[in-house]
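Q: Could you take a close look at one part of this for me, the packing of helices and strands? I'd like one connected account, with the cut-offs spelled out as you go.

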Amino acid sequence: MTTVRGFRVHRVHAAVATLVTALVLIILTTGCAKERPLLTQADLDARPPITEMQDRYEGMLQRIRAAIDAAVGPREWYVDNKSASYGTCGDRNFVPNVIGRDVTLPFWQFDRPITDAEWPAVKRAVLDVLGQYGFQPGGMAVDTGGDHELNAYETGYGGYFNIGNKINTVMRVSTGCHPGEIRIYR
Amino acid sequence: MARLADVERWDTGQLEAVFGRLGSARDRLVDLDGKLAGCAPPEGWVAPSAEAARAAHGGVAERLRRVVAGVTACRPVLAHTVDEIEAVKRELQTARTNAAAAGFEIDADSTISDPRTVTLLPEQVEQYRAGRTQQMQTLRTQLDGLLARADAADAALADILTRAAAGQIDDGASTNLASAADHVLGGAVVPDPPPAEAGPNAARAWWAGLSDTQREAMILRSPWMIGNRDGIPSTVRDEANRAQLPDQLATLDSDLAAAKARLAQLLAAHPATSTEPPSSADLAEVARLKDRIGDLQTRHEATVAIQSTIALPDRQLLLLDVGAPGGHAPHAAVAVGNVDTAKHVAVFTPGLTTTVAGDLGDYTKDMKGVRDVATAELKKVGRGGEEVATVAWLGYDAPQLDSTLFDPDRSVASADPAKAGGADLARFYDGIAASRPGDPPHVTALGHSYGSTTTGYALQQTSVPVDRAVFFGSPGLGTDSLGQLHVAPGHVEVLEARRDVVADIGRFGEDPNHLPGVRNLSSEATRLPDGTVLAASTGHSEYLAPGTTSHHNLGLAVAGLEDKQVVGPNVGFGDYRREFPGWQPP
C-alpha cells in the first residue's frame, strides 16, 4: 500500500513538474510573438494573380539588367530556368491552409564579379528600378573586398529581391503570395 | 550505329521525366476503373440503342485497357534505358579519359587517331607500333561494345513505344484497368523486402537487386511497402507515396461520411423533445463517434495539406503516414528538389506545435527559401552546377499545446517525444546515405526549437555521420558533448537570436552555444568593421526570414560555404544570467 501511494505521489509530482516546466517553455516560445491579425483567403484573392506578378517581375529584372549595363558597361547576362522555385502560401501572415502561390523567378547571372569600384553605381541603378516597383532596401548588406550583397523587400505583398556577387554575380526575386495558377519555367 | 557524339548528348533527364509522367498517367487511368464501371449501360435496359451503348462502352473500355497495358509495359523498359544509357555514358567518359592519357584522340564519330610523336631507336619501332596498334584495337572494341549497348537500349525503347502507341500490348483479356496493368507485370514475382529493423542499407540492397519489371510491380501493387522505406531512392519513394494519396483520401472521406451518418442517426433517435433519456451505451457511442470524427478530420486535413504541398514542381513526398484514428499524429516529409541527384541535401526538423495539416506548407516554403539562398551562393562562387535539395521532415509527434501538455511522456517539457522522433530521423538521415552508394551528398541537419532536440537525439544514433548540423533556437541537444553527435568534426553550428530565451534555457542539456567545439553563427543586427550590415532575426521564430543574417548563414551551411558565413558570439542576457549564483536550468 505504501508503495502504491508513494508511486502515486511520485506521478503527481512528475505531472506537476512537467506542467510547470511546460508552461515556462510555452511562455518562452510564444510569449515574444508579435500580435497581428492574420490575412484570410479573401485578402489573398484580392491580390493580383501570380502570373501577373511573374510578368511584372520579369520586366523588373529586365530593367535592372539594362540599368546595370548602362551604369558599368554591358554584361553577358544569362538565365537559369532550373533555378526557379515554387511555394505555397503559408508564410505565417495568413490563416492556415490558404490557397495561393509564391514563385522565385529564374536567377539571372553573369560570370564575373562586380568590383568594389563598380558597386556604388550598380547599387544606385538597382535601387532606382526597385523603388519604382515598391521595393525598399533592408536586411543584410555586404560591401567589402569584392563581396557584395543587397536585399530589398516589397511591403505590399511580401516580394523579396537579392543581388550579390563573389566570383559571379547573381540576382533573384520572389513574388510573395498571390492567387491563381503559376507559370512554370522550363 | 549511333554516333559517339550523339550518345554523349542523349539527355536521360528527359526520359526520367517521361517515366514519371507515365507513372502518374497510369495511376490516374487505373483510378478510372470505378467511373468506367459506373457509366456502363444498366442491365435492365433492353432496346436497340442499349446494344449500341454497350458496344460503345465496351469499345472505350477495351481501348483504355490497351492504353493501361501499353503504359505499364513501357515504364520498365524506360527505366532500363535510362540506367543503360547512364552506364554507357559513364564508361565512355572513362574510355575517353584513359585514351587521352595514353595519347589517343577520339572524334565525334568514334574514330581513333594516334597523334603522339615519339623518338625511338630503330629496333624499338616495331614493338612500339605493335603495342600502339594493340591499344587502339582494345579501345576500338570497347567503344564499339558501348555504342552497341546504346543502340540496343534505344531500339528496345523504340520497339515498346511503337507497340504501345499502336495498342499492340496484350492486356490478357482483362476485365478492368487494374487487372490490365497487373497482367503486363504478371510474371514479376518480387522477393519480400527485408524487415524494417534490417536498416536502410538492406533496403537499398534489396531494391538494387530487383529487375525493372519487379520494381514496377512493387510500385503498382505494394506502394505502401516502399514509400517510407529509408534506403530506397527518393524518386521511387515519391512515386509510391503519391500513388497512395487518392486512395487514402477516398478512404478518409468514406470513413468520415460513415461516422457522421451514424452520429446523425443516433442524435435523430434522441431528439431534444424526447422525454426518454438516451441509454448510457448510446451516450458512450456518441462520445466515441465525436472523437472519431475529430480524429478523422485531422487526418483528412493533413492529407489535403500534403496534396497541396506536393502539387508544385520539384517536390518529392518522402514520407506519408497519416496514421489511423487513435494512433500517432499524421507524419510527412517533403523535399524541395531531387534528393537522388542533389550535391547538397538538408533535412529540417521543426518543433513545438508542429502539425502536418497546419505547418507542412509553411516549412516546405521555408525550405524553398533556404534552397534559394544555397543555390544562389553556389552560383556566386562559380559552382552553379551543384544541385540543392531541402527536406521539411515532419516525421514525429511534435509536442502540442493540448491535453498532452500534462502527460510527462508527451509534453514539451519531456525529452521522450524527441528521443522517439530522433530514432526515426536517424534512419531517415542514414537512408539518404544508403540510397546513394558511391555518390554521397553533402548532408546538413537543421533543427529548430524542440526540433533541434529531436535532431540532437537523431545525430547520436545515426550509422553514417552527417556533414554538418545547425541548431537554432535550441533548448538543448540531449547531450553535453559534441563528441556524442555523429557530425563531421568542427561542423556543429548554433544560431541564437536576440531575445530568444528558449535558446538559453538548456532544458535538454547544456545551452548549445556554450558547448566546447561549437561554431557560433551570427543572427545579429550590427555593422561590422568591414562595413557589412547584418540584419537581425529577433525572438524564437524569425530565423528563416529571407534577408536576415540567420537565413543567409543557414543557406551557406547547406551549400557547405562556411568561409562566407558570418560568425558571432551568440551571447545575450540569457547567457549572462547563467552566472547568477544558484542558477539552475528549468
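A: Handedness first: a crossing is left-handed if the near helix is turned anticlockwise from the far one by less than a right angle, and right-handed if clockwise. Keep in mind that this is a predicted model, in which local features need pLDDT of at least 70 and side-chain atom pairs count only at pLDDT 80 or more, while totals for chains, interfaces and linings use all residues. Residues are numbered from 1 along each chain as its sequence is written, with chains lettered from A and ligands numbered from 1 in the order in which they are written.

Helices (H or I, at least four residues) and strands (E, at least two) are DSSP runs, numbered from the N terminus. Axes are lines fitted to C-alpha atoms, for helices over the stretch in contact, and angles run from 0 to 180 degrees between N-to-C directions.

Now the helix pairs. Helix α9 (residues 234-269) of chain B crosses helix α10 (residues 280-309) of chain B at roughly 155°, and their axes come within 9 Å. The crossing of α9(B) past α10(B) is left-handed. Its contact residues split into twelve nonpolar, five polar and seven charged, where Ala, Val, Leu, Ile, Met, Phe, Trp, Tyr, Cys and Pro count as nonpolar, Asp, Glu, Lys and Arg as charged, and the others, Gly among them, as polar.

Next, helix α4 (residues 48-101) of chain B packs with helix α8 (residues 212-221) of chain B at about 130°, axes 9 Å apart, so α4(B) and α8(B) are oblique to each other. α4(B) passes α8(B) in a right-handed crossing. On the α4(B) side you'll find Arg75(B), Pro76(B), Ala79(B) and His80(B), facing Asp212(B), Thr213(B), Arg215(B) and Glu216(B) of α8(B); contact here means C-beta atoms, placed from the backbone, within 7 Å. That makes two nonpolar, two polar and four charged residues.

Helix α12 (residues 416-435) of chain B and helix α13 (residues 450-459) of chain B have axes 7 Å apart, at an angle of about 60°. That pair, α12(B) and α13(B), is therefore oblique too, and the crossing is right-handed. The contact includes Gly421(B), Gly422(B) and Tyr429(B) of α12(B), and Tyr450(B) and Tyr457(B) of α13(B).

On to the strands. Chain B has an open, mixed sheet of eight strands in the order β3-β4-β6-β5-β7-β8-β9-β10; strands pair if DSSP finds at least two bridges between them. β3 (315-321) and β10 (519-521) of chain B sit at the edges with a single partner strand each, so one side of each has no neighbour in the sheet. Strand to strand, the twist averages 20°. Inside, β5 (residues 344-349) and β7 (residues 442-448) of chain B run parallel, joined by six bridges, and His344(B) has His442(B) as its bridge partner in β7(B). Helix α15 (residues 549-559) of chain B packs on this sheet, with β5 and β7 of chain B among the strands touched, at about 160° to the direction of β8(B).

Methods
Contact = placed C-beta atoms within 7 Å. Parallel < 35°, antiparallel > 145°, perpendicular 65-115°, else oblique.
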